[in-house]
Amino acid sequence: MSARFEVVPTAIQGLLILNRRRLGDDRGFLTRLFCAEELGALGWDGPVSQVNETGTTHAGTVRGMHFQRAPFGEDKLVTCVAGTVLDVAVDIRQGSPTFLHHVAVELSADNARSLLIPAGFAHGFQTLTDAVRMIYAHSAPYRAEAEGGLHCQDPQLAIAWPLPVAHLSARDAGHPFLGPSFEGIAA
């Protein structure tokens with residue numbers, strides 16, 4: 001049990017849902033988005049190297065499924081601060097007993113939930129509302145040469161997107177479908 005996060009394990013080892021505890025009074029609330037000490041005890045490996053924000057205009061938009069190959073793998077802490085998303089992490093770690101399994105969790109400004117994603121996962125989300133904003137903390141800097149992606153509609157992933165998939169970027173639409181030779185990545 002963490003002081004600021006209620007930890008909810010998922011069916012995939014190392015992938016955690018964090019319910020952020022809100023402290024509040026009649027003025028409003030405070031919620032901690034990141035705590036190196038508490039997240040380190042949960043598996044966060046390294047400093048915060050980058051913090052990024054995305055804004056997505058339209059419901060139904062899918063961003064992802066992105067990952068970084070070793071040795072540039074990264075842990076991510078993903079938080080929705082406006083609107084609602086279905087956030088998805090797919091285990092692509094070589095030799096993992098849950099290889100190609102995924103967890104999908106609703107993140108929203110209202111539910112104060114985050115997803116702690118270790119290295120070795122592909123990550124993406126679908127916006128369930130208009131005007132979504134996401135905050136990502138990364139344990140390693142982005143490296144274009146280590147970037148990879150899976151196609152969000154790959155039948156082998158069997159992700160049940162709640163809305164029709166819309167507004168894919170050219171990059172995301174061009175991600176390959178898995179073939180029999182996909183062995184995952186070193187985590």
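Which side chain of opposite charge is nearest to Arg20, and how far away is it? Before we look, two notes on the ground rules. The model is predicted, so local features need pLDDT of at least 70 and side-chain atom pairs count only at pLDDT 80 or more, while totals for chains, interfaces and linings use all residues. Residues are numbered from 1 along each chain as its sequence is written, and side-chain values use heavy atoms, with hydrogens and water left out.

**Stop 1: Arg20**

Select Arg20, in strand β2 (residues 16-20). Strands here are DSSP runs of E, at least two residues long, and helices are runs of H or I of at least four, numbered from the N terminus. The nearest side chain of opposite charge is Asp110, 9.5 Å away. Lys and Arg count as positive and Asp and Glu as negative, with His and the chain ends not counted. Arg20 is buried but has no salt bridge. Buried means under 20% relative accessible area, exposed over 50%, and partly exposed in between (1.4 Å probe, protein chains only). A salt bridge needs a side-chain nitrogen of Lys or Arg within 4 Å of a carboxyl oxygen of Asp or Glu.

**Stop 2: salt bridges**

How many salt bridges does the structure hold? There are 5.

- Asp25 and Arg27: the closest N and O atoms are 2.6 Å apart. Asp25 is partly exposed at 39% relative accessibility, and Arg27 is exposed at 74%.
- Arg133 and Glu53: this bridge is 2.5 Å, N to O. It links strand β12 (residues 132-138) with strand β5 (residues 50-56), the two partners being 80 residues apart. Arg133 is partly exposed at 41%, as is Glu53 at 45%.
- Asp91 and Arg93: here N to O is 2.8 Å. Asp91 is buried at 0%, and Arg93 is buried at 16%.
- Glu147, Arg171 and Asp172: salt bridges with shared partners join them into one network.

**Stop 3: the largest pocket**

Next, select Thr54, His66, Lys76, Tyr136 and Arg171, which lie nearest the centre of the largest pocket among its 23 lining residues. A pocket is an open set of points on a 1 Å grid over the protein atoms alone, with protein on both sides within 12 Å along at least five of seven lines; a cavity is a set where a 1.4 Å probe fits but cannot get out, and lining residues have an atom within 4 Å of a point. The pocket holds about 430 Å³ of space. Strand β6 gives the largest share of its lining, 6 residues.

**Stop 4: the cavity**

Finally, select Phe67, Gln68, Glu74, Gly120 and Phe121, nearest the centre of the largest cavity, which 13 residues line. Its space is about 70 Å³, a volume being the space filled by probe spheres set on the points, which are joined across faces, edges and corners. Strand β6 (62-68) and strand β11 (121-127) each supply at least two lining residues, with β6 giving the most, 3 residues.
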